[in-house]
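Grab a pencil and work through these exercises with the model open beside you. Try each task before you read its solution.

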Protein chains: 2
Amino acid sequence: MIIGSTQTTNQNPITMHPIGIIRSPYAQKFAVPRQPGLVRAARATIELHGTAAHPDSVRGLEQFSHLWIMFVFHQTQAQGWKPLVRPPRLGGNKKLGVFATRSTFRPNPIGLSVVELEAIRIDGERVFIDVIGGDWVDKTPVLDIKPYIPYADAISNAQGGFAQTSPATLPTVFSPEAAAQIECLASEYPQLRLLIEQVLAQDPRPAYQNNSQDVDKTYGMTLYDVNIRWQVVNQQNHVISVVKGF
Amino acid sequence: MIIGSTQTTNQNPITMHPIGIIRSPYAQKFAVPRQPGLVRAARATIELHGTAAHPDSVRGLEQFSHLWIMFVFHQTQAQGWKPLVRPPRLGGNKKLGVFATRSTFRPNPIGLSVVELEAIRIDGERVFIDVIGGDWVDKTPVLDIKPYIPYADAISNAQGGFAQTSPATLPTVFSPEAAAQIECLASEYPQLRLLIEQVLAQDPRPAYQNNSQDVDKTYGMTLYDVNIRWQVVNQQNHVISVVKGF
């Protein structure tokens, strides 16, 4: 037996193959909430692919109200990682160790989100899992799905450091023009107004601009294929326009 | 733009590199509890390796009481997976979809466990994280460490199907010989008696033998480098011997 051989084996790289892809309203990373569960109007669908896309694979899954989704931070994967990151919750100006955060820039780019299970749809050999409250960019690759097991996973007395409670939220008002534009899109996206309200409530602006007094600055984000433009005045979101098209 | 190119990209395999290794009392898969948190006497240590083993990587981690550990099911990885598995909680005779279970036989062999953080120890450039309640075989490779965030992760009203509550436990009695053997090992393993009690309380026997009337059958397991032999009589564990050596 070679001394140290076990350790060498356990350090070997491991190749993962995505089992599916997530379709979500978040066309870009900018609008994605910082944790799952904060934006319930965000419906997402996991489409299983390849050998995982078998109806047997999800048998009994409907017994569970919540699921863990493990996925790939595919948009930031190529940028690598550093030992220290700046969490938005700390205003973006204080550094913490990467393992003390849920930053997307990690040694292995695996994300973990718990979501509510809405429906499982089986269409021939295709399997779709509809979930509520996801925090994924559209087209995120999925690595695994596990049931949420309350007695093991729900630790009510856990201490969460800088992230103990939900982030504060901002109220949103719509200009008459924006409200009318949303009405025109209602047949295609019935929950669009609620989705915009819930996404903007999380204040997706970069942390260093949260306290900015620059009230004239207009921000933009894309949900589905809809562009939303807004300003922040006195800690309130003012939606200016809601227009279709990339 | 090539139609379908995005989907092809998102199906690409991803190579993961372990960031460390877990040292735990469980020398073999047999004794490992079926979920984390069930055996608090099981102390484990995560040793970070390579570029992740930097003191900066864990800065601020001490603010959190609990951590998520993502790891590799390295002992079962080579055996592949099937869409249906037989969970021990259902007696081993009912099949469920792999994604409705925490089975180790998964398309991507990633495990997920929440544990209590006990201590972070930094020794020069080496980083050790001591945790309580792990459910890992010794030398398990680690892929990621994330803080447990109560407001996002602790879902008190979640429905857990067949795994809603903790498994029933079995009491344990020690023969005079076994008790004496434990005393002899106390200086090396002070918590050994408690660890054996807590591991056996989970009834690690294969599910199909749980209701066996074969009272003469002797079971064996290894914790650290100690062999434990026991029988199960009238839903009670009887420890026969506790002997050092593989």
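**Exercise 1. Find the partner that B:Thr76 reaches with a polar contact, then describe the surroundings of B:Thr76.**

Step 1. Look at the side chains: in this predicted model, those of B:Thr76 and B:Thr104 are joined by a polar contact of 3.3 Å. (A polar contact is a pair of N or O atoms within 3.5 Å; within protein, one must be able to donate a hydrogen and the other to accept it, and residues adjacent in sequence count only if both atoms are side-chain atoms.)

Step 2. You'll find B:Thr76 in the loop between β4 (66-72) and β5 (84-85) of chain B. (Strands are DSSP E runs of at least two residues, helices are H or I runs of at least four, and both are numbered from the N terminus.)

Step 3. List the neighbours. Not counting residues up to four places away in sequence, B:Thr76 touches B:Lys29, B:Thr104 and B:Phe105. (Contact means heavy atoms within 4.5 Å.)

Step 4. Check the burial. B:Thr76 counts as buried because its relative accessible area is 5%. (Buried means under 20%, exposed over 50%, and partly exposed in between, with a 1.4 Å probe and protein chains only.)

A quick note on the ground rules: residues are numbered from 1 along each chain as its sequence is written, while chains are lettered from A and ligands numbered from 1 in the order in which they are written. Because the model is predicted, local features need pLDDT of at least 70 and side-chain atom pairs count only at pLDDT 80 or more, while totals for chains, interfaces and linings use all residues; side-chain values use heavy atoms, with hydrogens and water left out.

**Exercise 2. Pick out the buried residues of α4 in chain B and say what they pack against.**

Step 1. Helix α4 covers residues 192-201, and its buried residues are B:Leu192, B:Leu195, B:Ile196, B:Val199, B:Leu200 and B:Ala201.

Step 2. Think about the spacing. An α-helix has 3.6 residues a turn, so residues three or four places apart point the same way.

Step 3. Name the packing partners: β10 (172-174), α3 (176-184), β11 (219-223), β12 (226-233) and β13 (236-244) of chain B.

Step 4. Walk off the end of the helix. Just after α4(B), B:Asp203 takes a positive phi of about 55 degrees.

**Exercise 3. Where in chain A do A:Lys139 and A:Gln235 lie, and what is their phi?**

Step 1. A:Lys139 is in the loop between β8 (126-132) and β9 (140-147). Its phi is positive, about 75 degrees, although A:Lys139 is not a glycine.

Step 2. A:Gln235 is in the loop between β12 (226-233) and β13 (236-244). A:Gln235 isn't a glycine either, yet its phi is about 55 degrees.

Step 3. Check the cover. A:Lys139 is partly exposed because its relative accessible area is 30%, and A:Gln235 is partly exposed at 44%.

**Exercise 4. How many residues of chain A are in contact with chain B?**

Step 1. The count is 82 residues of chain A, in contact with 82 residues of chain B.

Step 2. Three residues, A:Met16, A:Phe99 and A:Tyr151, supply 11% of the area that chain A buries against chain B, more than any other three. (Buried area is the accessible area, with a 1.4 Å probe, that two parts lose on being put together, summed over both.)
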